[in-house]
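Hi everyone, thanks for coming along. Please take a moment to look at the sequence and the model, and then we'll walk through a few parts of it together.

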Amino acid sequence: MVRRSQAQAGLDLEGAPDSTPKRQKVEEPEASTSTALNAEPAPDSFEPKHPELWWRDGNTVIAADGLSFKVHAGILEKHSSVFCELLEELQGVEQPEMFEGCRVLRVDDKGEHLAALLQILYDGGSGSFTDWRKPLKLTALRRVTLLAVKYKIQHIIDEAIARLEYIFPTSFEPDRLVESFYMSTDKSHPVHFDQATDLIAVITLAREINPDTPPSFIAMALYHSVGLTAEMLLKPIKYDGDEIMLSLADRVKCFEQLYLLATTNKTVKMPVVSAIKKPLCSSTTCHDGLVAVLSQWISNGELATFDPLGPCTYAFEKVADKHPNRRVCVACTAQLTKAIDDRRRILFASLGERFGISTWPAQS
Ligand SMILES: [Zn+2]
């Protein structure tokens, strides 16, 4: 995690006056640090300073991959027990690497990602991280969450879980259980997805947060992933510079459910078939409407696909719009919608068992 400090023959100038402004923008490493005055040669490998996260009164330099930061040990220690340990260890190093009078903590994190994390610690990421009116792309949320897991920063992990639970509900939210919901870039959504492989990223992120008892949002993400291609499920994929892949156990569950959910799908929609065989009312218009709904499901392949959690109300509305003379009557629509929703609810409750998630259902 942390590369050992290089021994530097230098004076510790900690506490020395510094005339640089508090938020001085610095694009290049300062050559002056290698003057004879402080006898502190800048290591060849030193990374450029972050233009904002380089505090005049900072007391610790973090050198990450591609960027360095001058920050306050107290801020890091307040939020992260891991930083506490690393900084304590650094204090114990006899001849630490020094820069601008600060001990240098070297980490292997990508500089830009660490910058996003530090910005949240200092100012809430300019408000955007905790402000749901500003949606985050999944890649951005994932970057800081992975670092929050590594450094054990619980409030950032909690925020990520809350955002993802909105997209992948842990209680029965009839209209949020369809693919078009999680793939939406609606402004009210706290996380935006733009590619099918985002699902793999969400599932693997949940397992990073807690491998054995992952956050409950993983259940709906696994449910949706059943619809991914076999190639996406089976092979490692490139995602935001990483190579990610579902665990073997998760892959097996997805393939199992591909078959099991297809059967459940028919069970969920069966009330419509039953109502055709045994009409709920005496209207032939209503009966013709039900036949039209079923025909539409069959021709769209919806009876054979895995998506039994999808709502059925739109199917009734669509038939009513398209065939005014085959309109399912209001009372029958309500009765059938309820019968189907009751079955969807039972299926939703069973997702934990189906995908091996012990924390499910999170809310009853
Ligand atoms: Zn009817």
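Let's begin with burial: buried residues make up 37% of the 364 residues in the chain. A residue is called buried if 20 or more other C-beta atoms lie within 10 Å of its own, exposed if 12 or fewer, and partly exposed in between, with the C-beta atoms placed from the backbone. Before going on, please keep in mind that this is a predicted model: local features need pLDDT of at least 70, side-chain atom pairs count only at pLDDT 80 or more, and totals for chains, interfaces and linings use all residues. As for numbering, residues are counted from 1 along each chain as its sequence is written.

What is the chain built from? It has 14 helices and ten strands. Here, helices (H or I, at least four residues) and strands (E, at least two) are DSSP runs, numbered from the N terminus. Among contacts between residues at least 6 apart in sequence, 68% join residues at least 24 apart.

Now let's visit strand E3. Five of the six residues of E3 are buried, so the strand is largely enclosed by the rest of the structure. Which strands does E3 pair with? I'll name two, and pairing here means that DSSP finds at least two bridges between the strands. With strand E4 (residues 68-71), E3 pairs in the antiparallel sense over four bridges. Val-61 has Lys-70 in E4 as its bridge partner, and Thr-60 stands opposite Val-71 in E4. The hairpin of E3 and E4 has two residues between the strands, and in this hairpin Gly-66 takes a positive phi near 100°. With E6, E3 pairs in the parallel sense over five bridges, and here Ile-62 stands opposite Leu-105.

At the end of E3, which covers residues 60-65, we find Asp-65. Is Asp-65 buried or partly exposed? Asp-65 counts as partly exposed because it has 14 C-beta neighbours inside 10 Å. Leaving aside neighbours within four places in sequence, Asp-65 is in contact with Asp-108, Asp-109, Lys-110 and Gly-111. Asp-65 and Glu-47 are 18 residues apart in sequence, and their C-alpha atoms are 7.3 Å apart in space.

Back to E4 for a moment. In a regular strand the side chains alternate between the two faces of the sheet. In E4, Ser-68 and Lys-70 point one way while Phe-69 and Val-71 point the other way, and all are buried. E4 also pairs with strand E2 (residues 49-54), in the parallel sense over two bridges, and there Lys-49 has Ser-68 as its bridge partner.

Next, a helix: H7, residues 198-209. For the twelve residues of H7 that gives 16 Å, and the end C-alpha atoms are 16 Å apart, which agrees. Ten of the twelve residues of H7 are buried, so this helix is largely enclosed by the rest of the structure. Among those buried residues are Asp-198, Thr-204 and Ile-209.

H7 has a packing partner, too. Two packed helices are described by the angle between their axes and the distance between the axes. H7 and helix H8 (residues 218-225) pack at an angle of about 145°, with their axes 9 Å apart. The axes are lines fitted to C-alpha atoms, for helices over the stretch in contact, and angles run from 0 to 180 degrees between N-to-C directions. The contact involves Leu-199, Ile-200, Val-202, Ile-203 and Ala-206 of H7, together with Ile-218, Ala-221, Leu-222, His-224 and Ser-225 of H8.

Finally, two loop residues to look up on your screens. Glu-100 lies in the loop between strand E5 (98-99) and strand E6 (102-110), and its phi is near 50°, a positive value in a residue other than glycine. Asp-240 lies in the loop between strand E9 (237-239) and strand E10 (242-244), and phi of Asp-240 is near 50°. Glu-100 is buried, with 22 other C-beta atoms within 10 Å, whereas Asp-240 is partly exposed, with 16.

Technical notes:
Two residues are in contact if their C-beta atoms, placed from the backbone, lie within 7 Å. The expected span of a helix is 1.5 Å times one less than its number of residues.
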